[in-house]
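Please read them alongside the sequence and the coordinates.

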Amino acid sequence: MIDSFIPDFDFVRVFVEPWRDHGRHFIWIALMGFLITTACGLVGNYLILRRMALVGDAISHSVLPGLAVGFIVLNIWAGGSSHDGEIQSLSHHPVHTWKPLAMFLGALGAGALTTLLIELIHKKTRVKQDSAIGIVFSTLFALGVILICLFADKVDLDQECVLYGEIAFVPLKPFTTWFGVSIAPPDVIRMAGITLLTILLISLFYKELLVSSFDPALAASMGINATVVHYGLMAILSLVVVSAFESAGAILVVAMLILPGATASLLSQRLPTMMCFSMVQAAITSILGIHLAVWLRCSIAAAMVVVGALLFLLAWIFNSQAGLLQRLKPHTRDQTSPRPEIQQLAQQT
Amino acid sequence: MLLLIACIPAEAAKISEISETSIGDQALRFFSFRDPSLRYALIGSILLGITCGLMGSFIVVRKMALMGDALSHAVLPGVALGFLWNTTKDPVAILVGATVAGLLGTIVVGLITQTTRLKEDTAIGLVLATFFAVGICMVTMIQHLPTGNKSGIDKFLFGQAAAIGPEDIRVMAVVTVVVIALVIVFYKEFLVTSFDPAFARSVGFPAGWFHHGLMLLLAFAVVIALQAVGVVLVSAMLITPAAAAYLLTDRLRHMLILAALLGMAAGVLGAFISFLGNNLPTGPFMVLGSSLAFGLAFLFAPRHGVLRRWLHERSRDHRIQRENTLKAMYHVLEAREFRGENVAIRELAERRHETAEEAKEETTQLQKHGLVTLHDDGNGIVFTPDGWQRACSIVRNHRLWELYLTSEAHLAADHVHEDAEKIEHVLGEEVVMELEKGLRYATKDPHGRSIPSLQDIRRPAQEGPGELIGYGRKL
């Protein structure tokens, strides 16, 4: 049993066949994986810096009931349920036109509700914040799973999809056509839009995010409204999570949020460098992930996360500053010097 | 109870064979305990409720709730390996695999926080998602295997109480008994290491060992709950009933019992509801059941509930309001050197910078509490003995505190009023006596005004309600 569990490694099957025989298929999966990991990684860098990694975990779970409610409302509003067999004819159905909007609104609502409930429990009772996070996201997630089971005909999600996504199905959907030319699968286009938006917002508000993440006091003295920055980041997070949700599932999104940032922060102390590392990791992860999944015949999204985790492991062991190998040698580390970019900003103001 | 349920002869079919029956019939079936798989599901839910409640209490008071989350996700690869051991749902193999994987997860979290600059929350999220991804890879690989009975593995994700069999129950019962026994034997040690780790270390408890022991028991609790609740939501069965119990009591002993009871109730409720609707996953319903318990505790808990706190705060605000009005009356009387006892509403309103209506409303409140009596068709008010006592003690608190701040804390006299405004309502009798003694029974506050003495406060009460006139003359 166990010997047949891990398939034999066949170079041609694993590395050549996917691109030779199914190249058109896998290019979109790789692109989708890269876009998801890039967007998640960029937002995740800030989550890690702000010690909000578990808020990312919470939101990625609690987006589910928002999505489910969004779908149910949309289906009731559009009158009637869609059947998978008729997708082709239904591609211009109002359900499909308005689906992204319903998803987006549902996710934003769920994200806001999560933040609000956590604050409520944590501020009004003596229950600590960690317990509050655990209670809120598990409740909402349970609610979401029940909604999907009860309204299976109205929600385009199933239990497996919730757990590990359906990234393999991305290129199977009818391509979006503009002016008669079919461009790309709709999910890829949407994810590309979200990723570009994330990059745009981060580069526009780079200074605000940076300062308020590292030095809230300096941020306040520069007139940056910390609450606005916080909720803005939460909104981007909800947006990224909900777009990645269908392809990667609730829990793997957490990995894509945290792994690139965690790996990058082991390799560099400078935020721009960390972001570049995150993007490099996104590219390696998505391509090697596909090959791993082809070799092992397992879920592609999960395999991408496993590759990401291996990269983290490598960074952890061989990192020049504080890696496990480095720990074996005596060394000194200067922890007190503030970050150069913060110093620069402090001097400017 | 286990024996009793097991003795009832098995005559009904499996849950999965029930198709279209009414909810009433289903409920009847559930409570008649005739169905053997139903009995197993019920016993399983009770056992998991007890274990999760007990172990959850410890992680909630230790602020390690999310460590429970990490551990519960980290067991998935272990479950898959245990499943692979002989391709069936062998409960012992799964128990061993899941426990090892869960413990490995907690150890990796510890290693990452110790050896890198990543914080614990990042480490938890990282381990949680990575282990889960490895698990998902293995689960999907198992599902693609050409041979073998692979039907059971997906039930571990969202839980299906109906999949619990007699061997599972045996393992669950043994583990539950072990967990309960260990908690009883090491109760004192767990108590100390949970609430005062520094003290525990100073008296020589091996805190590290207790941490790992607790993680082992936690892994047991997770494994027990796996089958019915599923990997994804197990952490909720740990955290939520325990957090509800945490709001209901202040004693760890009571909290443990309450959390176990709540966990049991949520488990049975979840099993029942998922049985009513065919083929619904059990885990989410159990989680919603415990969330319901938490919601009720959140609102109505006797001491820590939101409702109780709100009422408490409201009554405190009203008391402070009354005390401020009484103080203003005292100031009015003091300004005319206590000639005449009648305070006009108009004077009070001027003193408090309010409209006459507002002042009137406040005096009505005072009258309701028996602190003043109304005169001149409601336009004048007179202290009752109780009211006079309250007014004197508030003014006394205020002025003593101001004096204390200027003489002992060396604050400027014009900086102390704000602070005294707040503290005057909460100083207790003993503290005030202590203050008075420390200030050598001073009679004047920093602004040169008299501080009412204990005699002034007690006087009218001793003289009775008829002897009101002239109570302030001594000042």
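1. Chain A has 15 helices and two strands, where helices (H or I, at least four residues) and strands (E, at least two) are DSSP runs, numbered from the N terminus. This is a predicted model, in which local features need pLDDT of at least 70 and side-chain atom pairs count only at pLDDT 80 or more, while totals for chains, interfaces and linings use all residues. Residues are numbered from 1 along each chain as its sequence is written, chains are lettered from A and ligands numbered from 1 in the order in which they are written, and side-chain values use heavy atoms, with hydrogens and water left out.

2. Of the 349 residues in chain A, 52% are buried (under 20% relative accessible area, with exposed over 50% and partly exposed in between; 1.4 Å probe, protein chains only). The accessible surface of this chain comes to about 15,400 Å², and 66% of that belongs to carbon and sulfur atoms (Shrake-Rupley method with a 1.4 Å probe; for residues, only the protein chains shown count as cover). Among contacts (heavy atoms within 4.5 Å) in chain A between residues at least 6 apart in sequence, 71% join residues at least 24 apart.

3. Ala168(A) is found in the loop between helix 7 (159–164) and strand 1 (176–178) of chain A, and it counts as partly exposed because its relative accessibility is 30%. Leaving aside residues up to four places away in sequence, Ala168(A) touches His25(A), Ile29(A) and Ile300(A).

4. A search of the whole structure finds three cavities of 30 Å³ or more, a cavity being a set of points, on a 1 Å grid over the protein atoms alone, where a 1.4 Å probe fits but cannot get out, with lining residues having an atom within 4 Å of a point. Grid points are joined across faces, edges and corners, and a volume is the space filled by probe spheres set on the points. The largest cavity holds about 160 Å³ of space, and its lining includes Lys89(B), Phe156(B) and Asp168(B). Helix 11 (207–229) of chain B, along with helix 5 (91–115) and helix 8 (166–185), supplies at least two residues of that lining; helix 11 of chain B gives the most, with four residues.

5. Leu307(B) lies in helix 15 of chain B and counts as partly exposed, because its relative accessibility is 40%.

Definitions and conventions
1 Å grid on protein atoms, 1.4 Å probe; cavity = no way out; pocket = protein on both sides within 12 Å on 5 of 7 lines; lining within 4 Å.
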